[in-house]
Amino acid sequence: MMRMKRVIFLVIYVSLFTPQLQAQSDFYKGKQIKLVVGASTGAASDLYARVIAHHLPKQIAGKPDIIVQNMPGGGSITAANYVFSVAKPDGLTLGAVTAPIYFAQLLGRKEVQFDWGKFTWIGSPEENDELFFLRSDQPYKTLLDLRRAVEPPRCGAPGVGSTGFYIPKLLEEVFSLKIKMVTGYPGAADVDVAVEKNEVHCRGTTISAFFGREPGRTWAKNGFVRFLVQTGDKRNHRLPDTPTIWEFMEQEKVIEGKRRLARVVLGPGAFGRPILAPPGIPTDRVKILREAYTQMLKDPEFLADANKRQWEINPISGERLEALAKEVINQPPEIIERMKKVMEE
């Protein structure tokens with residue numbers, strides 16, 4: 001009798017939940033996912049998004065198409081605003097944005113229409129350390145030479161939420177350097193063109209972005225630029241001769257307050273190249289997207305593609321990004337006041 005009851009229970013359980021599971025697995029069949037990129041065509045985040053659009057669909061049940069839509073502006077604030085405030089929370093819109101834009105929220109910028117801590121986080125392929133480089137025809141051989149610049153070098157950036165902006169500004173604040181910021185470029189690729197034209201002389205960027213696409217690879221080979229500093233706790237294997245910001249801080253006996261500021265400002269590196277989505281997506285679809293993204297990062301075809309582009313894969317889960325996002329967006333008033341000084345245009 002007991003055995004018969006178990007069989008009946010199992011039949012009822014399967015009959016109740018099989019349609020639900022089938023509906024979950026069929027949701028993406030025949031659908032199209034839009035991947036909104038907060039950068040112009042040719043930027044590192046754009047190239048990465050297009051590789052995702054190629055490889056991710058086969059990891060999702062139903063194999064939906066993924067199209068890339070470039071939405072540059074404000075260091076990817078425009079794209080983040082769209083994903084958070086306009087896109088439907090149905091699991092059919094993803095975003096590829098740069099992590100430093102959460103500074104704009106902390107600083108109360110009126111153009112921000114998102115809450116960094118409330119996005120749905122899918123995953124990231126790696127953490128990102130940054131570097132700061134200068135055209136090699138400039139007369140400054142080391143980072144600290146910029147203290148005595150008679151005519152400060154011009155550094156280009158899309159906007160205040162970009163790596164290109166906050167890295168030079170942080171270095172300027174911590175080491176009393178002389179740098180002139182030039183903002184308003186549509187995207188990273190446009191800043192590269194400005195560097196080549198000698199319109200600007202320097203730039204901050206992530207190490208993976210620089211070495212993961214052109215013209216960075218060629219610039220590194222032909223000596224067109226000089227690497228002045230990198231932000232990791234230790235020197236990256238691709239920049240063995242470039243000092244870290246922490247080495248310079250030890251050398252210059254930088255005070256603790258500035259060291260703490262640096263830790264907060266460099267926080268976006270922990271997010272790497274995040275893929276996010278609107279808040280409020282049904283939990284079953286979040287699970288599908290996160291698992292598919294994780295599987296994609298293990299797929300031999302994706303890894304071969306990443307290796308060809310010299311991308312280093314060290315995945316960060318959506319769950320970890322979710323916790324990190326809630327943590328970084330809650331900063332004490334004194335840190336925000338210090339950040340305001342660094343982020344002033």
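Which residues is Phe271 in contact with, leaving aside its neighbours within four places in sequence? Select Phe271 and look around: Ala99, Tyr102, Trp116, Trp121, Ser124, Glu126, Ile316, Leu321, Leu324, Ala325 and Val328 are in contact with it, where contact means heavy atoms within 4.5 Å.

Before moving on, a word about what is on screen. This is a predicted model, where local features need pLDDT of at least 70 and side-chain atom pairs count only at pLDDT 80 or more, while totals for chains, interfaces and linings use all residues. Residues are numbered from 1 along each chain as its sequence is written, and side-chain values use heavy atoms, with hydrogens and water left out.

**Stop 1**

Helices (H or I, at least four residues) and strands (E, at least two) are DSSP runs, numbered from the N terminus.

**Stop 2: the open sheet**

Colour the strands next. Six of them form an open, mixed sheet in the order β2-β1-β3-β10-β4-β11. β2 (65-70) and β11 (316-317) are at the edges with a single partner strand each, so one side of each has no neighbour in the sheet. Zoom in on β4 (residues 120-124), which pairs with β11 in the antiparallel sense over 2 bridges; two strands pair if DSSP finds at least two bridges between them. Gly123 has Ser317 of β11 as its bridge partner.

Then show helix α3 (residues 77-86), which packs on the sheet and touches β1 (32-37), β3 (93-96) and β10 (275-277). Helix α11 (residues 283-296) lies across β1, β3, β4 and β10, at about 10° to β4. Axes here are lines fitted to C-alpha atoms, for helices over the stretch in contact, and angles run from 0 to 180 degrees between N-to-C directions.

**Stop 3**

On the α5 side, Phe165, Tyr166, Lys169, Leu170 and Glu173 make the contact, and on the α14 side Lys341, Val342 and Met343.

**Stop 3: α6 and β8**

Select helix α6 (residues 188-196), where Ala188, Ala189, Val191, Asp192, Ala194 and Val195 are buried. These buried residues pack against β5 (130-135), β6 (154-157), β8 (202-206) and α8 (216-222).

How many of the residues of β8 are buried? The count is 5 of its 5. Cys202, Gly204 and Thr206 point one way from β8, and Arg203 and Thr205 the other way. β8 pairs with β5 in the antiparallel sense over 5 bridges, and Glu130 has Thr206 as its bridge partner.

**Last stop: Asn236**

Finish in the loop between β9 (225-230) and α9 (245-252), where Asn236 is found. Asn236 has 15% relative accessibility and so counts as buried. Its side chain reaches the backbone nitrogen of Arg238 at 2.8 Å.

Conventions. Buried < 20%, exposed > 50% of the residue type's maximum accessible area, 1.4 Å probe, protein only. Polar contact = N/O pair within 3.5 Å; in protein donor to acceptor, adjacent residues only side chain to side chain.
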